[in-house]
Amino acid sequence: MGYLESKKLSDRVKFYARFKQFLATVETTIRYRATPLASLVAQAAESYPTLTFLSRCEQELCIGRDFPSAWQCGVKACGKSQGLKKEDFDLLFSFGQGLGVTDVEGQVAHCALYIEMAEERYAQA
């Protein structure tokens, strides 16, 4: 039992390390390239294969789902395989709900906020 709990904690730390990198990439890409979300997710799924929810989100976008629904499907498909807790899923869901709904500056601010929150979760994990 101790090993499994330790692995979950380790997986969660690794997840947040990668998620922070992903968020920083999203922020930069939106700020300087104004890349459409579908393209951004496709690029991120390739760059961050261990963030498994991204590839599922990409698949959902390819079949015509709107971004918030595709994001939610991707996050749900991730399951608890990466040691995530309910509050982690809540953070992921809310990030996806807010991305793409404002202008570029609003999206950059949204990313910056979630980078800060991910940093806090990383420090606590």
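**Fold, rings and core**

Reply: Read along the sequence, this predicted model follows the pattern α-α-α-α-α-α, with six helices and zero strands.

Me: What makes the protein as compact as a globular protein of its length?

Reply: The radius of gyration is 14 Å, and the globule rule gives 14 Å for 125 residues, so the two values are close and the protein is as compact as a globular protein of that length. Its C-alpha atoms fill a box of roughly 45 × 30 × 20 Å along the principal axes, and 41% of the residues count as buried.

Me: Why is the pair of phenylalanine 15 and phenylalanine 53 called tilted?

Reply: The structure holds 15 aromatic pairs, and in this one the ring centres are 6.3 Å apart with 50 degrees between the planes. Rings pair if their centres lie within 6.5 Å, and planes under 30 degrees apart would be stacked and over 60 edge-to-face, so the rest, which includes an angle of 50 degrees, count as tilted.

Me: Why is this pair said to tie together separate parts of the sequence?

Reply: Phenylalanine 15 lies in helix α1 (residues 2-33) and phenylalanine 53 in helix α3 (residues 52-62), so the pair joins parts that are 38 residues apart in sequence.

Me: How do you know whether phenylalanine 15 and phenylalanine 53 are buried or exposed?

Reply: Buried means under 20% relative accessible area; phenylalanine 15 has 0% and phenylalanine 53 has 1%, so both count as buried.

Me: What makes the pair of phenylalanine 19 and phenylalanine 53 edge-to-face?

Reply: The angle between the planes is 65 degrees, at 6.4 Å centre to centre; since planes over 60 degrees apart count as edge-to-face and centres must lie within 6.5 Å, the pair meets both conditions. Phenylalanine 19 lies in helix α1 and phenylalanine 53 in helix α3, so this pair ties together parts 34 residues apart in sequence.

Me: Which residues does phenylalanine 53 touch, not counting residues up to four places away in sequence?

Reply: Phenylalanine 53 touches Phe15, Phe19, Trp71, Gly74, Val75, Cys78 and Leu92. Phe53 is also among the residues with the most contacts inside the largest nonpolar core, which has 34 residues; α1 gives the most to this core, with seven residues.

How values were computed. Residues numbered from 1 in each chain as written. Predicted model: local features only at pLDDT ≥ 70, side-chain atom pairs only at ≥ 80, totals over all residues. Heavy atoms only, no water. Phe/Tyr/Trp six-rings, centres within 6.5 Å; stacked < 30°, edge-to-face > 60°. Helix = DSSP H or I, 4+ residues; strand = E, 2+ residues; numbered from the N terminus. Buried < 20%, exposed > 50% of the residue type's maximum accessible area, 1.4 Å probe, protein only. Core = buried A, V, L, I, M, F, W, Y, C linked by side-chain atoms within 4.5 Å. Contact = heavy atoms within 4.5 Å. Rg over C-alpha atoms; globule rule 2.2 N^0.38 Å.
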